[in-house]
Amino acid sequence: MKVQEAAFKVLSTEGRPLSSRELASRILDGGMVTSAARDPALSVASTIEKNIRSKTYNRPELVFVHTSSGRLVALPSWKPRSVPPGPDRRTVSVPIPADLADKIKLAAQAGLAPSFEATTAMVLRKGLAAAAPQIKAALMRQLEALEHAG
C-alpha cells in the first residue's frame with residue numbers, strides 16, 4: 001500500500017483531521033507501510049506533506065486544514081468551503097461565558113468542524129434546531145397578542 005492510500009484509510013477510519021506526524025505513527029503502527037529511515041514517522045509524515053504540497057502523488061487526495069490545533073491533514077470533504085462576503089455571511093461579536101467558550105474550543109480541537117468559527121456555527125445551528133419549537137410557540141403568542149390588540 002502506498003503512503004497516501006494508507007493516510008486516506010486512516011483518516012477515513014478516524015473521521016477527523018490529524019497532524020502529519022500522528023497520521024504517520026498510526027500508519028506505521030498499523031503495519032500499512034514500512035520504512036527503513038532512521039526516523040520512520042518523520043519520513044512518512046514528510047512524504048505525506050510533500051505529496052499534498054506538490055499535488056503530484058496526492059492520490060487519493062488529501063488536503064491541509066488550519067484549525068485551533070494547528071495545520072492538520074484532512075480529507076477534501078472536510079475542508080471548509082469558502083463563503084464570499086455578502087448578505088449570506090455576517091460577522092457577529094457576542095460575549096459568551098468562559099466555560100461555554102472552553103467547551104466550543106474542545107469541540108473544535110476534537111475536529112467536529114474544521115475551525116473554531118465553523119464549530120461555533122455548528123453549535124449554533126444545532127442549538128437553534130433544538131429550540132425551534134420554543135421559538136415558534138413564542139412567535140405564535142406574539143401574533144395572537146397582536147390580533148387581540150387590534
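## Glu-49 and its contacts

Leaving aside residues up to four places away in sequence, Glu-49 touches Ser-20, Phe-64 and Arg-71, where contact means heavy atoms within 4.5 Å. Glu-49 lies in helix α3; helices (H or I, at least four residues) and strands (E, at least two) are DSSP runs, numbered from the N terminus. With a relative accessible area of 16%, Glu-49 is buried. Buried means under 20% relative accessible area, exposed over 50%, and partly exposed in between, with a 1.4 Å probe and protein chains only.

This is a predicted model, in which local features need pLDDT of at least 70, side-chain atom pairs count only at pLDDT 80 or more, and totals for chains, interfaces and linings use all residues. Residues are numbered from 1 along each chain as its sequence is written, and side-chain values use heavy atoms, with hydrogens and water left out.

## Salt bridges

The structure holds 7 salt bridges, a salt bridge being a side-chain nitrogen of Lys or Arg within 4 Å of a carboxyl oxygen of Asp or Glu. One of them pairs Arg-71 with Glu-49, with the closest N and O atoms 2.4 Å apart. Arg-71 lies in strand β2 (residues 70-74) and Glu-49 in helix α3 (residues 40-54), so this pair ties together parts that are 22 residues apart in sequence. Arg-71 is partly exposed, at 38% relative accessibility, whereas Glu-49 is buried.

Glu-14 takes part in a salt bridge with Arg-26, at 2.4 Å from N to O. This pair links distant parts of the chain, 12 residues apart: Arg-26 belongs to helix α2 (residues 20-29) and Glu-14 to helix α1 (residues 3-14). The side chain of Glu-14 also meets that of Arg-16 in a salt bridge, at 3.1 Å from N to O. Relative accessibility is 29% for Glu-14, which counts as partly exposed. Arg-26 is partly exposed at 30%, and Arg-16 is partly exposed with a relative accessible area of 24%. Through salt bridges that share partners, Glu-14, Arg-16, Glu-22 and Arg-26 are joined into one network.

## Packing of α1 against α2

Helices α1 and α2 pack at an angle of about 100 degrees, and their axes are 10 Å apart. Axes are lines fitted to C-alpha atoms, for helices over the stretch in contact, and angles run from 0 to 180 degrees between N-to-C directions. The angle makes α1 roughly perpendicular to α2: angles under 35 degrees count as roughly parallel, over 145 as roughly antiparallel, 65 to 115 as roughly perpendicular and the rest as oblique.

On the α1 side, Val-3, Ala-6, Ala-7, Val-10, Leu-11 and Glu-14 meet Leu-23, Arg-26 and Ile-27 of α2. By class, this contact has 7 nonpolar, no polar and 2 charged residues. Ala, Val, Leu, Ile, Met, Phe, Trp, Tyr, Cys and Pro count as nonpolar, Asp, Glu, Lys and Arg as charged, and the others, Gly among them, as polar.

## Packing of α2 against α3

The axes of α2 and α3 come within 8 Å and cross at roughly 120 degrees. That makes α2 oblique to α3. The crossing is right-handed; a crossing is left-handed if the near helix is turned anticlockwise from the far one by less than a right angle, and right-handed if clockwise.

Seen from α2, the residues Ser-20, Arg-21, Leu-23, Ala-24, Ser-25, Ile-27 and Leu-28 meet Pro-40, Ala-41, Leu-42, Val-44, Ala-45, Ile-48 and Glu-49 in α3. The classes represented in this contact are 10 nonpolar, 2 polar and 2 charged residues.

Arg-38 is placed in the loop between α2 and α3. Arg-38 is exposed, with a relative accessible area of 86%. From C-alpha to C-alpha, Arg-38 and His-148 are 81 Å apart in space, and they are 110 residues apart in sequence.

Ala-118 belongs to helix α5 (residues 116-149) and is partly exposed at 24% relative accessibility. Ala-118 and Ile-104 are 14 residues apart in sequence and 10 Å apart in space, C-alpha to C-alpha. Ala-132 is also found in helix α5, and at 36% relative accessibility Ala-132 counts as partly exposed. Between Ala-132 and Ser-93 there are 22 Å in space, C-alpha to C-alpha, the two being 39 residues apart in sequence.
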